[in-house]
Amino acid sequence: MAAAPPSCCLVAFPPRAKDGLVVFGKNSARPRDEVQEVVYFPAADHEPQSKVECTYISIDQVPRTHAIVISRPAWLWGAEMGGNEHGVCIANEAINAREPAAEMEALLGMDLVRLGLERGSTAKEALDVIVALLEEHGQGGNYYEDADSCQSFQSAYLIVDRDEAWVLETVGRYWAAEKTTEGVKCICNQLSLTTKIDAEHPELRSYAQSQGWWSGEDEFNFSEVFSPADEHLNCCAGKDSLEKQEESITVQTMIDILRDKASGVCIDSESFLTTASVVSVLPQNRSSPCIHYFTGTPDPSRSIFKPFIFVGDIKLVPKAQSPCFGDSDPAKKEPRFQEKPDRRHELYKAHEWARAVIAGDQEQGRQLRKTMLELEKQGLEAMEELLSSSDPLDPTEVGDLFYDCVDTEIKFFK
């Protein structure tokens, strides 16, 4: 069984998080050379009986989909993480379980992230969307753009809104979920739910019994029942980092945790790299906007977190989007992945230079990183000011926000 990529998703609720804010974060660990893009899709109405083409299969479309912003591996349809116009954020983790994931093409866990965002106006609604689609279509297919081997995984999700978070863990079509409204929560690349289960597949326990994994007499512990027999269950590094914070958790705290390579939260190994990151702030005061900070580039310790806010008129950001290959894309043609096109977008290419300079660890690299952090700090301070202001949000001021930040970053690297 292939090792699942060691990503990390985190959330902190008030009072652990500061100023009545829910703070959400994810590092997406993926193959080192994979490109992620940041894409905005406006809300849309759809024709009756229309279909939506996901990564591997088509499913029935719904009458209306919400506006979303996502970070995704550029070859697939779904998302590693993202948010929607209603203040819902979702991220997923690839996990191994006692039951191997199906190689047969179905919905990817990443497809279900996007579908949950497009169709759910609360965290619980998004959870219901995901488990209904899981029941109907199943999950399966290659998690990587790789013709040489098919690596498929089960999925776990962290689904968050301004009021609550749900940890949803799935094994095939079976699932369990835990709700939380306080403290901190973290999910990594292994099952984490134990005996506190707030919602579950109606046949979850009978299925476990039928497989001989649970006696029916002992207390039902989801992780113990469904984890691979040889897997050592341990606390995720992100949870350790969050719980060690003595002061209230802020956006900056979450960014610092995601940048931490020593703890293992930020991955830079032979096989995997943190290829993109996000931090989202969801104010419990509904008159304040949610703010989503995306890197759109690899290695958060050498990247700039850039803010995005949902308003009616968003300026699209082609410089953070990969080239489109249409129906000739090797990911869409069968047999799949016979070629690997260059999916680097303009921001990614500009950032490659910066990564190389910083990796050199000389004076130029130190100065460059210092200037990048100053640029980021300006954005963070402007957003803090916006959240603390009693003035209503001016949509014309923030519709270009992410576009301008990406543009500034590219010019700076040049």
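Buried means under 20% relative accessible area, exposed over 50%, and partly exposed in between, with a 1.4 Å probe and protein chains only. The legends below use these words.

This is a predicted model, in which local features need pLDDT of at least 70 and side-chain atom pairs count only at pLDDT 80 or more, while totals for chains, interfaces and linings use all residues. Residues are numbered from 1 along each chain as its sequence is written, and side-chain values use heavy atoms, with hydrogens and water left out.

View 1. Helices (H or I, at least four residues) and strands (E, at least two) are DSSP runs, numbered from the N terminus. The C-alpha trace spans about 60 × 50 × 50 Å along its principal axes. A compact globule of 414 residues would have a radius of gyration near 22 Å, and the 20 Å of this chain agrees with that; the radius is taken over C-alpha atoms, and the rule is 2.2 Å times the number of residues to the power 0.38. Of the 414 residues, 57% are buried. Among contacts with a separation of 6 or more, 69% come from residues 24 or more positions apart, where contact means heavy atoms within 4.5 Å.

**View 2. Tyr40 and Phe310, one ring pair in a structure that holds 15 aromatic pairs.** Rings of Phe, Tyr and Trp (its six-membered ring) pair if their centres lie within 6.5 Å; planes under 30 degrees apart count as stacked, over 60 as edge-to-face and the rest as tilted. Here the ring centres of Tyr40 and Phe310 are 6.3 Å apart and the planes meet at 55°, so the pair is tilted. Tyr40 belongs to strand E3 (residues 36-41) and Phe310 to the loop between strand E18 (306-308) and helix H7 (346-359), so the pair ties together parts 270 residues apart in sequence.

**View 3. Phe412 and Phe413, another tilted pair.** The ring centres of Phe412 and Phe413 lie 5.5 Å apart, and with planes at 45° the pair is tilted. Phe412 is partly exposed at 27% relative accessibility, whereas Phe413 is buried at 5%.

**View 4. A cluster of rings around Tyr40 and Phe310.** Which residues do ring pairs link into this cluster? They are Tyr40, Phe294, Phe308, Phe310 and Phe402.
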